Amino acid sequence: MAAMKFSLFFEMQIADPTRAAEAKLFHDCVEQAVLADEIGYHGIWEVEHHGLYEYSHSSAPEVFLAFVAAKTRHIRIGHGVTLLPFRYNHPIRIAERIATLDILSRGRVSWGTGISSSLVEQVAFECKIDELRAQWLEALEIIPGMWDKDVFSYKGRFFDIAPTQIVPKPVRRPHPPILAACSNPDSTAGIGKLGLG
């Protein structure tokens, strides 16, 4: 019988934020992650949100996760999730950042991705809302190839990437586990077709 695994999930929620309270929140979450590592938790997950005042002050999860990785030894480090359509983050930048974190954490990264259901974020980043899901699925299809191929190129509906050496490469082979946040049947079916968690 497999052992149950426990993780912490950080939204960076805060009521009535001040700069001091916000800073304390970040340091408290780091302390919680370090303690979780010490007592044997399986992983931590950090969200990416923008402009969601009080609900989530986690706009740079890769910085938080790298800081935690440097202070821990065993716990898995997870993006839960990065926002992927390219107005939020271009697929090349995601591939580079996840690989860098995987190297620095010695292969402890799990990468979760999603679209964001928040109109605040979609408007702030000038997204074409009717294209978000298709952009996300196309990006998800190509990122593993960026980690696999020495020189990557691609021409699709949304992305046209000239031959490029996308570096660094993750230490985890063939790549860190990829998971997706899904809130509707179409997304779930698309993720299933890609073989992702």
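Predicted model: local features only at pLDDT ≥ 70, side-chain atom pairs only at ≥ 80, totals over all residues.
Helix H1, which spans residues 19-39, meets helix H2, residues 61-71, with the two axes coming within 10 Å and crossing at roughly 40°. That angle makes H1 oblique to H2, and the crossing is right-handed. On the H1 side, the contact is made by Phe-26, Cys-29, Val-30, Ala-33 and Val-34, and on the H2 side by Phe-64, Phe-67, Val-68 and Lys-71. Sorted by class, this contact has eight nonpolar residues, no polar residues and one charged residue.

A second pair is formed by helix H3, residues 91-104, and helix H5, the latter covering residues 132-148. The axes of H3 and H5 come within 9 Å and cross at roughly 50°, which makes H3 oblique to H5. Here too the crossing is right-handed. From H3, the residues in the contact are Pro-91, Ile-92, Ile-94, Ala-95, Ile-98 and Ala-99, and they meet Ala-139, Ile-142, Ile-143, Met-146 and Trp-147 of H5. The class count for this contact is eleven nonpolar residues, with no polar and no charged ones.

Helix H5 also packs with helix H6, residues 185-194; their axes come within 11 Å and cross at roughly 15°. H5 and H6 are therefore roughly parallel to each other, as angles under 35 degrees count as roughly parallel. The crossing of H5 and H6 is right-handed. For this contact, H5 supplies Arg-133, Trp-136, Leu-137, Leu-140 and Glu-141, while H6 supplies Asp-186, Ser-187, Gly-190, Ile-191 and Leu-194.

The cysteines come next. A disulfide is a covalent bond between the sulfur atoms of two cysteines. Searching the whole structure gives zero disulfides. Cys-29, one of the H1 residues in the contact with H2, has a relative accessibility of 5% and so counts as buried. Cys-127 has a relative accessible area of 12% and is likewise buried; the cut-off for that term is under 20%.

Helix H1 also contains Leu-35. With a relative accessible area of 45%, Leu-35 is partly exposed. Between Leu-35 and Gln-13 there are 22 residues of separation in sequence and 20 Å in space, taken from C-alpha to C-alpha.

Most residues other than glycine have a negative phi, and most peptide bonds are trans. In the loop between strand S1, residues 7-10, and H1 lies Met-12, whose phi is near 60°, a positive value in a residue other than glycine. Met-12 is buried, given its relative accessible area of 2%. The loop between S1 and H1 also holds Asp-16. Asp-16 is not a glycine either, yet it has a positive phi of about 50°. In contrast to buried Met-12, Asp-16 is exposed, with a relative accessible area of 63%.

The loop between strand S6, residues 160-164, and strand S7, residues 178-180, contains Pro-168. The peptide bond that runs from Val-167 to Pro-168 is cis, with omega near 0°. Pro-174 is found in the loop between S6 and S7 as well, and the peptide bond from Arg-173 to Pro-174 is also cis, again with omega near 0°.

Val-171 belongs to the loop between S6 and S7 too. A relative accessible area of 42% makes Val-171 partly exposed. Setting aside neighbours within four places in sequence, the contacts of Val-171 are with Asp-102, Ile-103, Arg-106 and Gly-107. As for distance along the chain, Val-171 and Gly-156 are 15 residues apart in sequence, and their C-alpha atoms are 28 Å apart in space.

Definitions and conventions
Residues numbered from 1 in each chain as written. Heavy atoms only, no water. Axes fitted to C-alpha atoms, helices over the stretch in contact; angles between N-to-C directions. Helix = DSSP H or I, 4+ residues; strand = E, 2+ residues; numbered from the N terminus. Parallel < 35°, antiparallel > 145°, perpendicular 65-115°, else oblique. Left-handed = near helix turned anticlockwise from the far one by under 90°. Contact = heavy atoms within 4.5 Å. Disulfide = S-S within 2.5 Å. Buried < 20%, exposed > 50% of the residue type's maximum accessible area, 1.4 Å probe, protein only. Nonpolar A, V, L, I, M, F, W, Y, C, P; charged D, E, K, R; others polar.
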